[in-house]
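I will start with the overall picture and then zoom in on one residue.

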Amino acid sequence: MAATRRSSRLNAQTVLKHEPPKSAPPSNRKRKAPSDPEAAVPVTPTKKRTQRRGDAIPSTPTPGAAGLFAEPSGMTMKPRNVAVTRLADPRLTNAMLLSPETSRVVASRDIESVSPSKAPQGRTTTENILKEACDHLIKIDERMRPLIEQHHCRVFSSEGLAERIDPFESISSGIISQQVSGAAAKSIKGKFLALFDENPTERFPHPSQVAARSIENLRTAGLSQRKAEYIKGLAEKFASGELSAQMLHDASDEEVMEKLIAVRGLGKWSVEMFACFGLKRMDVFSLGDLGVQRGMAAFVGRDVAKLKSKGGKWKYMSEQDMIELSDKFTPYRSLFMWYMWRVEETDISTME
């Protein structure tokens with residue numbers, strides 16, 4: 001009898017084990033959903049779809065994380081002379097960069113140092129580049145006017161361009177912010193600074209200081225094993241001179257991407273955000289940012305409440321459509337991208 005009961009239990013377990021697959025086909029036929037479980041999102045009730053869409057967006061890095069690329073840690077990183085007007089170019093670096101090891105400032109030439117006879121009459125400077133950019137966006141598409149009138153882009157204002165950016169700190173901050181909230185990233189960064197100084201508000205540590213620390217020591221700041229390895233590896237590249245403020249200032253967009261994408265822990269999106277918010281280049285555009293994609297879709301009048309799945313990836317707009325629209329705003333696509341975040345009121349508070 002015992003054997004019979006045991007056999008019965010095994011038979012029952014076998015039936016239960018295989019019942020879910022049998023019930024799945026009717027469910028799929030009823031909901032017309034692809035095999036990918038994520039693809040069920042568009043056909044769920046509105047409340048659940050909103051919740052799932054919110055879950056999907058963080059899988060693409062958010063603008064909140066992007067802001068940490070341009071957020072200096074201490075008073076010595078703040079502009080000392082905001083009145084200085086420099087030459088500017090939307091296709092080049094407009095930030096004032098600090099050499100990570102020496103604090104030497106690398107920047108475009110001051111207007112006062114340019115011979116009036118050699119300078120063009122309509123020259124672009126750090127004082128007027130934002131206005132020129134906004135005028136260009138409105139000229140290309142009148143629908144940009146209300147966005148520009150309602151939102152001031154501090155990132156590329158004369159004040160924003162006067163900030164001094166340590167590229168080692170900027171990129172390290174981007175690594176710290178990966179896959180964590182903005183508040184968590186700031187907390188970890190504060191603990192990281194405390195590892196090197198009892199008064200961490202003064203200056204981000206030099207690359208040579210970070211390179212000399214063990215992975216175990218860096219992890220005590222709350223960094224994961226991989227992030228500690230990424231930051232230590234980045235520090236070694238700056239300490240050796242393979243990366244430098246001067247090189248990043250002078251390099252083309254393609255060279256910046258090539259050099260930084262080779263660094264462990266940096267993907268294309270991270271490099272694009274650094275080029276935009278760290279180097280203050282005004283012709284950067286990220287096709288991979290879901291927030292930008294969503295804003296663009298809403299900008300052209302699409303119903304962004306409806307997601308479309310392309311090969312298992314959620315799409316508000318195709319990359320080809322994004323390219324065709326964004327290319328019209330060259331050479332100020334960084335500013336256009338910033339305003340596309342604003343269309344759907346994506347949280348970009350840390351950028352300001």
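What share of the 352 residues in the chain is buried? I looked it up, and buried residues come to 45%. I keep in mind that this is a predicted model.

Entry on the fold. I found 17 helices and five strands in the chain. I then turned to contacts between residues at least 6 apart in sequence, and 71% of them join residues at least 24 apart. For the surface, I noted that the chain exposes about 18100 Å², with carbon and sulfur atoms supplying 52% of that area.

Entry on confidence. I read an average pLDDT of 79 for the chain, and 68% of the residues score at least 70. Confidence is highest in helix H4 (residues 129-140), at 98, and lowest in helix H2 (residues 46-56), at a mean of 41. I marked two stretches where pLDDT stays under 50. One is residues 1-60, for which the model has 30 contacts beyond four places in sequence. The other is residues 75-81, for which the model has 15 such contacts.

Entry on Lys227. I located this residue in helix H11 (residues 225-240). Is Lys227 buried or exposed? Its relative accessibility is 11%, so Lys227 counts as buried, the cut-off for buried being under 20%. Next I checked what Lys227 touches: leaving out residues up to four places away in sequence, I listed Ile175, Ile176, Ser177, Gln178 and Val180. Ile175 sits 52 residues from Lys227 in sequence, yet their C-alpha atoms are 6.7 Å apart in space.

Key. Residues numbered from 1 in each chain as written. Predicted model: local features only at pLDDT ≥ 70, side-chain atom pairs only at ≥ 80, totals over all residues. Heavy atoms only, no water. Helix = DSSP H or I, 4+ residues; strand = E, 2+ residues; numbered from the N terminus. Buried < 20%, exposed > 50% of the residue type's maximum accessible area, 1.4 Å probe, protein only. Contact = heavy atoms within 4.5 Å. Areas by Shrake-Rupley, 256 points an atom, 1.4 Å probe, with all protein chains shown as cover. pLDDT = per-residue confidence, 0-100.
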